Amino acid sequence: MAYFTKELGGTLLIVTQDERTYEVRRTSVSSDLIITPDEGTPRPSSAEEMDFRKLYKLSNCCTV
């Protein structure tokens with residue numbers, strides 16, 4: 001699960017306990033969420049993706 005989160009406008013920055021970094025944001029065209037790993041970071045597992053989406057929806061980023 002997330003170790004640290006930071007809200008940057010409409011983007012949620014997530015750092016996991018093993019120091020992997022991901023950005024979660026909405027697409028500009030629809031309400032779909034995009035989860036982007038930093039360079040050199042593996043894609044999140046499906047369970048992590050679900051957790052990241054929940055964190056985004058609970059954050060203030062969802063209302064920006």
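Which residues make up the largest nonpolar core? Select Leu12, Ile14, Tyr22, Val24, Leu33, Ile35, Phe52, Tyr56 and Cys61, nine residues in all. A nonpolar core here is a set of buried Ala, Val, Leu, Ile, Met, Phe, Trp, Tyr and Cys residues joined through side-chain atoms within 4.5 Å; buried means under 20% relative accessible area, exposed over 50%, and partly exposed in between (1.4 Å probe, protein chains only).

The model is predicted, so local features need pLDDT of at least 70 and side-chain atom pairs pLDDT 80 or more, while totals for chains, interfaces and linings use all residues. Residues are numbered from 1 along each chain as its sequence is written, and side-chain values use heavy atoms, without hydrogens and water.

Next, colour strand S2 (11-16), strand S3 (21-26), strand S4 (33-37) and helix H1 (46-58). Each gives two or more residues to this core. Helices (H or I, at least four residues) and strands (E, at least two) are DSSP runs numbered from the N terminus.

Tyr22 sits in S3 and Phe52 in H1, 30 residues apart.

Move to Leu12. Beyond residues up to four places away in sequence, Leu12 has contacts (heavy atoms within 4.5 Å) that include Tyr22, Val24, Leu55, Tyr56 and Cys61.

Finish at Glu48 in helix H1, which is buried at 19% relative accessible area. The Glu48 side chain reaches the backbone nitrogen of Ser45 at 2.9 Å.

Definitions and conventions: A polar contact is a pair of N or O atoms within 3.5 Å; within protein, one must be able to donate a hydrogen and the other to accept it, and residues adjacent in sequence count only if both atoms are side-chain atoms.
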